Amino acid sequence: MMTVKFHAPHLPHVSLPHVSRQEAGQAVDAAKSFLPPPERMAYYGGLGALAVAGLIEWPVAAAIGVGTVIAQRARGMSRSGRARASA
């Protein structure tokens with residue numbers, strides 16, 4: 001009779017660089033600047049939950065999310081254009 005044994009490969013020791021609290025805080029602030037506000041995160045999370053539950057299909061959820069982002073950017077650009085015109 002044959003038996004098969006699996007062994008985890010030996011990995012070399014990996015040392016991570018030291019990161020100060022200030023550097024970590026700056027990294028968190030940078031990441032936050034790329035994320036939408038909490039109410040939009042809830043909206044996108046709801047879209048994802050509907051897709052996971054199977055109430056809407058993934059392509060539909062993605063299209064709604066992308067369409068929302070495009071509409072919000074267009075609205076922001078038109079507002080900044082009006083602000084420049086009135087100045």
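Predicted model: local features only at pLDDT ≥ 70, side-chain atom pairs only at ≥ 80, totals over all residues.

Select Pro9, which counts as exposed because its relative accessible area is 63%; exposed means over 50%, buried under 20% and partly exposed in between, with a 1.4 Å probe and protein chains only. Pro9 belongs to the segment before α1 (21-34). Helices are DSSP runs of H or I with at least four residues, strands are runs of E with at least two, and both are numbered from the N terminus.

Residues are numbered from 1 along each chain as its sequence is written, and side-chain values use heavy atoms, with hydrogens and water left out.

**The whole chain**

Which pattern does the protein follow along the sequence? The pattern is α-α-α, with three helices and zero strands. Along the principal axes, the C-alpha trace spans about 80 × 45 × 15 Å. The radius of gyration of the protein is 23 Å, while a compact globule of 87 residues would have one near 12 Å; this radius is taken over C-alpha atoms, and the globule rule is 2.2 Å times the number of residues to the power 0.38.

Switch to a surface display. The protein exposes about 8,000 Å², of which carbon and sulfur atoms supply 66%; accessible areas come from the Shrake-Rupley method with a 1.4 Å probe, and for residues only the protein chains shown count as cover. Of the 87 residues, 6% are buried.

**Helix α2 and the tyrosines**

Select Tyr44 in helix α2 (residues 38-53). Tyr44 is partly exposed because its relative accessible area is 22%. Beyond its neighbours within four places in sequence, Tyr44 contacts Pro36, Gly65, Thr68, Val69 and Gln72, where contact means heavy atoms within 4.5 Å. His13 lies 31 residues from Tyr44 in sequence and 40 Å away in space, C-alpha to C-alpha.

A search of the whole structure finds one aromatic pair. Tyr43 and Tyr44 form this pair, which is edge-to-face, at 5.5 Å centre to centre with 70° between the planes. Rings of Phe, Tyr and Trp (its six-membered ring) pair if their centres lie within 6.5 Å; planes under 30 degrees apart count as stacked, over 60 as edge-to-face and the rest as tilted. Tyr43 is partly exposed, since its relative accessible area is 39%.

**Helix α3**

Select Thr68 in helix α3 (residues 58-86). Is Thr68 buried or exposed? Thr68 counts as buried because its relative accessibility is 17%. Leaving out residues up to four places away in sequence, Thr68 touches Tyr43 and Tyr44.

Next, select Ile64, also found in helix α3. Ile64 counts as partly exposed because its relative accessibility is 32%. Together with Tyr43 and Val60, Ile64 forms a nonpolar surface patch with about 230 Å² of accessible area. Patches are made of residues with over 30% relative accessible area and no salt bridge, like charges being joined within 9 Å and nonpolar side chains (Val, Leu, Ile, Met, Phe, Trp, Tyr) within 5 Å; a salt bridge is a side-chain nitrogen of Lys or Arg within 4 Å of a carboxyl oxygen of Asp or Glu.

Finally, select Ala62 in helix α3. Ala62 is partly exposed, at 44% relative accessibility. Between Ala62 and Ser20, 42 residues apart along the chain, the C-alpha separation is 38 Å.
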